[in-house]
Amino acid sequence: MGVSCGGQGKLTVTDDDVIEKSNLSRQFLFRDWNIGQAKSTVAASAAASINPRLNIEALQNRVGAETENVFHDTFWENLSVVINALDNVNARLYVDQRCLYFQKPLLESGTLGAKCNTQMVIPHLTENYGASRDPPEKQAPMCTVHSFPHNIDHCLTWARSEFEGLLEKTPAEVNAYLSNPTEYTNGMRNAGDAQARDNLERVLECLDKEKCETLEDCITWARLKFEDYFANRVKQLAYTFPEDAATSTGAPFWSAPKRFPRPLQFSSSDPSHLQFLMAASILRAETFGIPIPDWVKNPNKLAEVVDRMIVPDFQPKKDAKIVTDEKATSLSTASMDDAVVIDDLIVKLERSRANLQPGFRMKPIQFEKDDDTNYHMDVIAGLANMRARNYSIPEVDKLKAKFIAGRIIPAIATSTAMATGLVCLELYKALDGGHKLEDYRNTFANLALPLFSIAEPVPAKVIKHQDLSWTVWDRWIIKDNPTLRELLDWLREKGLNAYSISCGSCLLYNSMFPRHKERMDKKVVDLARDVAKMEIPSYRRHIDVVVACEDDDDNDIDIPQ
């Protein structure tokens with residue numbers, strides 16, 4: 001199109017991600033040999049080879065509050081237009097707020113399989129992206145995922161969570177403890193809750209030197225995990241809630257969609273049991289830096305080792321607490337004895353630490369779905385399918401498990417190309433400037449139907465007060481560094497009675513507080529520095545205050561920033 005090809009033109013593209021195998025089918029700029037390279041750099045060089053006159057800078061920064069020193073006021077002020085190609089709502093909302101703040105056009109789009117949509121956000125004409133929201137995606141309650149799954153998605157969500165807990169979070173907790181034992185244990189003591197207790201128990205298990213020295217120790221760990229997950233927990237659940245259990249209203253407890261579970265009996269002749277044990281023990285060994293001999297990948301040799309193990313019998317507890325509340329956000333049940341148990345665990349941790357090699361650290365494993373040789377998906381598919389077997393849920397192969405657990409959003413290059421084309425048509429208008437609302441178009445398309453719904457953007461909502469009117473795009477800019485009294489008088493002239501003024505999360509003025517009257521003759525900027533403790537960075541030339549106002553009839557008026 002020739003965009004950013006002139007002497008003053010510049011295209012800045014940023015993405016903090018690297019190219020994965022699953023990215024290749026949804027776009028035209030990356031190739032096999034680019035896997036592992038930075039997306040922005042590869043895209044920029046591919047685009048420059050299409051049009052060598054393109055002035056392009058590729059960055060690897062995430063766009064967010066933490067990078068406002070990179071994408072500072074001057075950066076935003078110098079932009080002509082912003083084009084989103086994002087994969088999550090939070091990032092879209094952040095960019096939308098920045099574009100709203102700096103009055104920049106935003107061309108927003110997204111794809112999902114054969115569907116695509118484009119939305120034009122044009123200053124002072126259209127509503128902004130954040131003005132309307134899709135309903136939040138329904139997530140399965142925590143108790144359903146952990147104790148009452150009824151489809152394979154629940155099993156895979158649980159499996160992914162367990163993978164991260166065992167192989168990423170726990171080793172990271174161990175390293176946090178070993179890096180600063182006093183600070184870590186004080187933090188756990190101060191928390192004093194069931195979560196702190198669980199964290200300490202997991203760290204202690206990893207620091208028990210006798211249980212984590214050889215690959216055989218890791219196989220024993222994996223075998224006991226199998227027994228815990230797929231036999232003991234199920235026996236406890238069935239003991240606490242028998243098949244004929246009833247709720248407080250007399251209805252059957254195990255009514256649909258709940259499924260009554262059956263414990264699994266481990267068998268070394270079941271290939272899926274052995275595959276899970278092999279993958280889990282290899283990854284456990286990786287976290288400890290234990291060498292992995294080839295014999296572990298031989299099913300017969302592995303079966304010999306496993307068959308020699310003695311697994312202790314399990315007795316269900318009468319007082320076990322199992323969370324059934326669908327609104328619960330934690331599965332750890334608090335106890336009066338938590339503080340005592342935490343102190344006891346800390347003493348044991350100190351003993352275990354004394355037996356470690358100097359400088360010992362664990363290696364946390366981050367889930368990586370695209371490497372078929374790393375055993376990550378073997379563990380997750382194994383965990384999910386054994387659990388599915390517990391609850392008589394149909395199992396899935398590793399590819400389907402990867403699709404769900406890897407949260408891969410289906411994508412095809414056709415939808416991407418269509419969204420890109422539609423956005424670029426609108427880009428001509430945005431750069432040309434001076435267009436009316438009815439010149440712009442938003443599109444929703446579904447190539448599978450096919451459906452093409454093209455409409456004018458929704459106009460920005462107008463707020464009126466006396467002879468004034470404004471939209472979400474407006475700002476009231478007050479120069480010459482006013483005092484608090486001057487700011488209140490300035491608003492009063494517009495028929496607005498300010499009763500609250502805040503800066504960030506701090507209150508600079510509230511008409512209900514008599515002591516705030518003492519601040520009347522102080523500069524608003526000085527109040528922001530002294531009261532809100534705001535440090536105004538060198539790249540910022542203003543401060544923002546939010547004012548809550550009423551009119552003379554005590555009606556709240558939503559005024560611009």
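**Notebook: pockets and a cavity**

I began with the largest cavity and found that α8 gives the most to its lining, with three residues. A reminder to myself: this is a predicted model.

Which elements each supply at least two residues of that lining? I noted α5 (152-179), α8 (215-240), α9 (271-288) and α12 (376-390). The residues I listed along the largest cavity are L166, L167, W221, K225, Y229, F276, A280, V379 and L383. I put its volume at about 60 Å³, and my count of cavities of 30 Å³ or more came to one.

Next I turned to the second largest pocket, which holds about 810 Å³ of space. Two or more residues of its lining come from each of α2 (73-77), α3 (89-102), α15 (484-492) and α16 (524-530). I counted 29 lining residues for this pocket, and W476, I477, I478, H542 and I543 lie nearest its centre.

Then I stepped back to look at the whole chain. I found 16 helices and 13 strands, and the C-alpha atoms fill a box of roughly 85 × 65 × 60 Å along the principal axes. How much of the chain is buried? Of its 561 residues, 42% count as buried.

I also looked up contacts between residues at least 6 apart in sequence, and 67% of them join residues at least 24 apart.

The accessible surface comes to about 31300 Å², and carbon and sulfur atoms account for 51% of that. I noted 66 positive and 80 negative charges, with mean positions 2 Å apart.

How values were computed. Residues numbered from 1 in each chain as written. Predicted model: local features only at pLDDT ≥ 70, side-chain atom pairs only at ≥ 80, totals over all residues. Heavy atoms only, no water. Helix = DSSP H or I, 4+ residues; strand = E, 2+ residues; numbered from the N terminus. Buried < 20%, exposed > 50% of the residue type's maximum accessible area, 1.4 Å probe, protein only. Contact = heavy atoms within 4.5 Å. Areas by Shrake-Rupley, 256 points an atom, 1.4 Å probe, with all protein chains shown as cover. Lys, Arg positive; Asp, Glu negative; His and termini not counted. Charge placed at Lys NZ, Arg CZ, Asp CG, Glu CD. 1 Å grid on protein atoms, 1.4 Å probe; cavity = no way out; pocket = protein on both sides within 12 Å on 5 of 7 lines; lining within 4 Å. Points joined across faces, edges and corners; volume = space filled by probe spheres on them.
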